[in-house]
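Reader: I would like to go through this model with you and ask, for each term, what stands behind it. Could you begin with the word I will need for the two chains together?

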Amino acid sequence: MAAYPQHLVRHRVMFDGTPVTIRPIRPEDSGMEQEFVRHLSADSRYFRFMGTLRELPSKKLKSFTEIDYDRHMAFVATIQCEDREVEIGVARYVAVDPPGNCEFAITVDDAWQGKGVAGLLMISLEDAARERGFKTMEGIVLAGNHKMLKFARQLGFRCYHLPGEADTVHVELCL
Amino acid sequence: MPETRSNAARAPVEAIPGYPAGHPVAPNMGDYAAFRGGFSWDQARRELDGLPAGGLNIAHEAVDRHAAGSRKEHVALRWLGRNGAVQEFSYADLSKLSNRFANVLQGLGVGAGERVYVLTGRIPELYIAALGAWKNRSVVCTLFSAFGPEPIRARMALGDARVLLTTPTLYERKVVPILNLLPGLRHVLLVRGPDNEPVAAGTLDFAELLGRADERFSIAATDPEEPALLHFTSGTTGTPKGAVHAHEAVLTHHATGKLVLDLHPEDVFWCTADPGWVTGTSYGIIAPLTNGVTSIVDEADFDVERWCQILEQHRVSVWYTAPTAIRMMMKTGLAPLAGRKLPALRYLASVGEPLNPEAVRWGVTAFGLPFHDNWWQTETGGIMIANFPALDVRPGSMGVPVPGIEAGIVRHNADGSVTQLDEPGTEGELALRPGWPSMFREYLNEPERYAKCFADGWYLTGDLARRDADGYFWFVGRKDDVIKTSGHLIGPFEVESVLLEHPAVAEAGVIGKPDPVALEVVKAFVALKTGYTPSDALKKDIMAHARKRLGAVVAPKEIDFQQSLPKTRSGKIMRRLLKARELGLPEGDVSTLESM
């Protein structure tokens, strides 16, 4: 198991001043991650996975939380709720072909959207990808996911359709 | 979105004359360009009465003004029961019956703005209830009777239904299971069948209430902006969207009835669409009535023989139908028409999805008349783009904009703005300048979703299209992943959610599979939970579950079992791969696929 990149842990604040921790995910976060997925609205889950599920199958959950922090990186955004750490957002990239490319995905809990959490996650994710030698970050977004498309454009992603695929938008960023 | 250019901007275009040459009945609009130049919606308003009490009310324009004048004995509706019964309603009849229903609503304490839902087949009571509800300034929401309990529940909950008109059978099968989930529903009215069984406890007898009600009703002043219609349409994600239309919409209904469907006072008009869909309300109820014609309403389902018999026996002169039906008739062939004479039939139109050129031409073969395709949406409330009588029909084209409507092709820019694309043949999103009378006023309780439909002074339709050098529009595709089957829009999400309810299902991916008749049929790919093995019996069980929850229209017609659904490395389901595999297409770049 790769050593946990402690130096990537960041303590930040949202637009309204609420403290939020942005840190790489750990195997021990599997319970928190599953809770997060279950807590998402059906719409948000649908946009993220582009299909319908209620929670992550256990194999998938494992692969989401046991990562090598190099070819696969994931940051969670967490807040303190009473004594517990609660996940309110997650962004990850996974190396794909051609070498130098990675595919990313991001979701923020519905109640916490609009507060700057996504931006904080993407800063960490993009920096980590660049540091690890990735040149391009790409993603797939459903055409109906207007919030994500607006966000991607703000971050400088190029948005385009592949021929014959009117329902999905490909987004791409030079890191 | 990339701009692609058609490389045939000036190639010869197939054209069929839009109207039979020398026909004794001249089209209402003889010169499109001249008429369009002089048209305004204010002019359209002057063709209607306006409400004596003040404002504008759909029911007054559709019924009462005719009932008060020379057309009061004219047949407004000729209803054909599925077992051969025929009932005729004059404008005077409809006026009195709808007055009664308005009084019924008043008696029940149902007021302006409250939602009256109708879940029935195509029976006269539907029309009476809709008209009466508009008189009462209540909001009418018609539901397709083939919907299952879950789609019905979703739509009644979203719209906060106060009254439901339905039949005992539909009530038992589809409403009773969800009653406890509809706390706002206060009155259920049942239309009893011929068996005359007493209605269930807790419900009211429609006929009895109507019989006891006063036949006189004065429509109160109605602001044209007051909500009149609620139509649900499917979006990509979970909840269907409730498009709200105002009484003002009647300006568009009336004008397009006259200009696009070419309705003349002595016409017999037949719109085959069910009032559960917006076509069946705008053009199955409102437009023909405001134009004072006789409308055929057939209770029975599609049947080629029966349809041909109706066209002949009832001397239908203007026929408005759907591509699915046309393609089915093409499959059956010309035999049902052999020996039939249809001298009255003058004009054919089609709506629901793009009508393929072969079908347009088949109209000429079968009826001596081309089908005039037209385009519009639930959100637009009425026809926006059409092939007109005065212009050539271009097979495969949506047509040109209705007078009073400005349409364009736009491109989305990186900063969220849109730019109009002027070059003929360029593909982009079809957009309309907002503000026409039947434009939807909101998605009920979803201002954000509504706002997203507009940018830079354009209403964004979500349909991709191109415009040729002569101004005809051509449909390219839907922008989001809703499935269009038999003219109905279905969101994969609604279907997938129900499939996931089945204990065996771990994952579900739903696509539209191309179909020569229905355009697309709903096909589901299902990954099973551990402990379950694929089998025909399990497949049947899952399909039965889906049909029971969703109804036959929305439920998948096909299910394939998969080990797991193809996903990207980040876990996103690759629907395009499901679709590509289904069509036997090359799967393209699979480098981003996770190894399974």
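Author: Two residues are said to be in contact if their C-beta atoms, placed from the backbone, lie within 7 Å. In this predicted model, the contact between the chains takes 32 residues from chain A and 35 residues from chain B.

Reader: Which elements make up the side of chain A that touches chain B?

Author: At least two residues each come from α2 (42-49), β4 (84-96), β5 (101-108), β6 (136-142) and α5 (146-154) of chain A, and the largest share, five residues, is that of α2(A). Sorted by class, this side of chain A has 16 nonpolar, ten charged and six polar residues. As for the predictor's own scores, the complex is given an ipTM of 0.73 and a pTM of 0.77.

Reader: What makes the size of chain A agree with that of a compact globule?

Author: The rule for a compact globule of 175 residues gives a radius of gyration near 16 Å, and chain A has 15 Å, so the value agrees with the rule. Along the principal axes, the C-alpha atoms of chain A fill a box of roughly 50 × 35 × 35 Å. Of the 175 residues, 41% count as buried, and among the contacts with a separation of 6 or more, 57% are made by residues 24 or more positions apart. Chain A has five helices and eight strands, which run from the N terminus on as β-β-α-α-α-β-β-β-α-β-α-β-β.

Reader: Why is Ala111(A) called exposed?

Author: A residue is exposed if 12 or fewer other C-beta atoms lie within 10 Å of its own; Ala111(A) has 10, and therefore it counts as exposed. Ala111(A) is found in the loop between β5 and α4 (117-131) of chain A, and its C-alpha atom is separated by 9.0 Å from that of Leu40(A), although the two residues are 71 residues apart along the chain.

Reader: Turning to chain B, how do you know which strands are the edge strands of its open sheet?

Author: The nine strands have the order β2-β1-β11-β10-β12-β13-β14-β15-β16 in chain B, with mixed pairing. An edge strand pairs on one side only, and this applies to β2 (86-90) and β16 (400-401) of chain B.

Reader: What makes β1(B) a partner of β2(B), and how many bridges join them?

Author: Two strands pair if there are at least two bridges between them; β1(B) and β2(B) are joined by five bridges and run antiparallel. Within this pair, Trp79(B) stands opposite Gln87(B) of β2(B). The hairpin of β1(B) and β2(B) has five residues between the strands, and Gly84(B) there takes a positive phi near 105°.

Reader: How does strand β1 of chain B run relative to β11, and how many bridges join the two?

Author: Strand β1 (residues 75-80) and strand β11 (residues 294-298) of chain B run parallel and are joined by four bridges; in β11(B), Asp298(B) is the bridge partner of Leu80(B).

Reader: Which helix lies across β13 and β14 of chain B?

Author: Helix α13 (residues 357-367) of chain B lies across β13 (347-350) and β14 (371-375), running at about 145° to β14(B).

Conventions:
Residues numbered from 1 in each chain as written. Chains lettered and ligands numbered in written order. Predicted model: local features only at pLDDT ≥ 70, side-chain atom pairs only at ≥ 80, totals over all residues. Rg over C-alpha atoms; globule rule 2.2 N^0.38 Å. Buried ≥ 20, exposed ≤ 12 C-beta atoms within 10 Å, placed from the backbone. Nonpolar A, V, L, I, M, F, W, Y, C, P; charged D, E, K, R; others polar. Axes fitted to C-alpha atoms, helices over the stretch in contact; angles between N-to-C directions.
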